[in-house]
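Subject: Structure for you, with notes

Hello,

Here is the structure I said I would pass on. My notes on what was found in it follow below.

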Amino acid sequence: MGYLVLYPPHGKLNLRNGVGTWRFGFIEGVWMVGVIDEIQMPVNETDRNPIIVDLKTRVLETLPAESQRRNGRLQLMCYKYLWDNLVADNFPSRQFFDFFSLNPYHVLSEEVREITAEAGYPAKTLDDIVRFYMNTWSMLPPAHNQLLLRYEFQKDQSLLGEVEFAYDHDWLKSRIQGCLEFWKGEREASYIPDEERWKCKYCQFASVCSTIDKPESSRNASKTNSDSFPS
Ligand code: SF4
């Protein structure tokens, strides 16, 4: 089960301007927070599903290695998973208020009330806002199955390349489950595969890592991070 909420930064829910929208969601019992970079609305009437886009800025004028692209794919698939669940289900508002220790009936500040009124949904409490978003989400279509990663060169914002890929629900579920098992302490950390050992140069744990100098062949094969979960 997963959930997602959009918070439009300028107080307006306008998906045609859906750039830099905060989102947080509930996935497999864990809350997630992040930002959707861009939502592209379909240009023709036969396709109703918005395309979720993530923009990656590169210091080097090259496309990233496969492991980084894979992380980008995982991130975008999480967004789609959360989006589609919110469109299809009811947002777990009680769990949301409880988890973040929020009083749904606390009266919002005057500034926030003014922003919501200007945006066309006058809200007095946080509960009013959550209800508005739940209603709005229920009217939205599921996200497009095609997802898009866009890479730009930081120096001049020129386009380095775009990677389009299809949503893969089974792959996403297995990755999420693998990550959650580690985060919840239900499995040990996996070893990093040899082709990704370059990451060790940037790792803050390198000085205390017991596996950094060991070749892959000397490690326990069953624990090798062949699917590249975080080591
Ligand atoms: S924990 Fe060790 S193996 Fe993993 S990235 Fe850091 S230095 Fe490399």
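**The β5–β6 hairpin**

Five residues lie between the strands in the hairpin of β5 and β6, and in that hairpin Gln157 takes a positive phi near 60°. Please bear in mind that this is a predicted model. Gln157 is not a glycine, yet its phi is positive. The residue is found in the loop between β5 and β6. Is Gln157 buried or exposed? Gln157 counts as exposed because 9 other C-beta atoms lie within 10 Å of its own, and a residue with 12 or fewer is classed that way.

Tyr151 has Gly161 as its bridge partner in β6, and Arg150 stands opposite Glu162 in β6. β6 has eight residues and the number buried is zero, so the strand lies largely in the open.

On another side of the pairing, β5 (residues 146-153) is joined to β4 (residues 51-58) by six bridges, and these two strands run parallel. Leu55 has its bridge partner in β5, namely Arg150.

**Overall layout**

The protein has five helices and six strands. Along the sequence the order is β-β-β-β-α-α-α-α-β-β-α. Of its 231 residues, 16% count as buried. Taking contacts between residues at least 6 apart in sequence, 55% join residues at least 24 apart.

**The nonpolar core**

Which residues have the most contacts inside the largest nonpolar core? They are Ile52, Leu76, Met77, Tyr79, Leu82 and Trp83, in a core of 19 residues. At least two residues of this core come from each of β3 (30-40), β4, α1 (66-88) and β5. The largest share is that of α1, which supplies eight residues. As for Tyr79, once neighbours within four places in sequence are left aside, this residue is in contact with Ile36 and Ile52.

**Loops and single residues**

Leu60 is found in the loop between β4 and α1. Leu60 counts as exposed because there are 10 C-beta neighbours inside 10 Å, where 12 or fewer is the cut-off. Leu60 and Phe153 are 93 residues apart in sequence, but their C-alpha atoms are 6.9 Å apart in space.

Ser101 is found in the loop between α2 (93-99) and α3 (110-118). Ser101 is not a glycine, although its phi is positive, at about 50°. Ser101 is exposed, with 6 other C-beta atoms within 10 Å.

Asp128 is found in helix α4 (residues 126-138). What is the exposure of Asp128? Asp128 is partly exposed, because 16 other C-beta atoms lie within 10 Å, a count between the limit of 12 or fewer for exposed and that of 20 or more for buried. The C-alpha atoms of Asp128 and Tyr105 are separated by 8.5 Å, and the two residues are 23 residues apart along the chain.

**Helix α5**

Helix α5 (residues 169-183) has 15 residues. From its first C-alpha to its last α5 reaches 21 Å, close to the 21 Å expected at 1.5 Å a residue. Just after α5, Gly185 takes a positive phi of about 75°.

**Confidence**

The mean pLDDT of the protein is 80, and 79% of its residues reach 70 or more. Over residues 1-20 the pLDDT is below 50, and this stretch has 53 contacts in the model beyond near neighbours in sequence. The pLDDT is also below 50 over residues 221-231, a stretch with 27 contacts in the model beyond near neighbours in sequence.

Regards

Technical notes
Residues numbered from 1 in each chain as written. Predicted model: local features only at pLDDT ≥ 70, side-chain atom pairs only at ≥ 80, totals over all residues. Helix = DSSP H or I, 4+ residues; strand = E, 2+ residues; numbered from the N terminus. Expected span 1.5 Å × (residues − 1). Contact = placed C-beta atoms within 7 Å. Pairing = 2+ DSSP bridges. Core = buried A, V, L, I, M, F, W, Y, C linked by C-beta atoms within 7 Å. pLDDT = per-residue confidence, 0-100.
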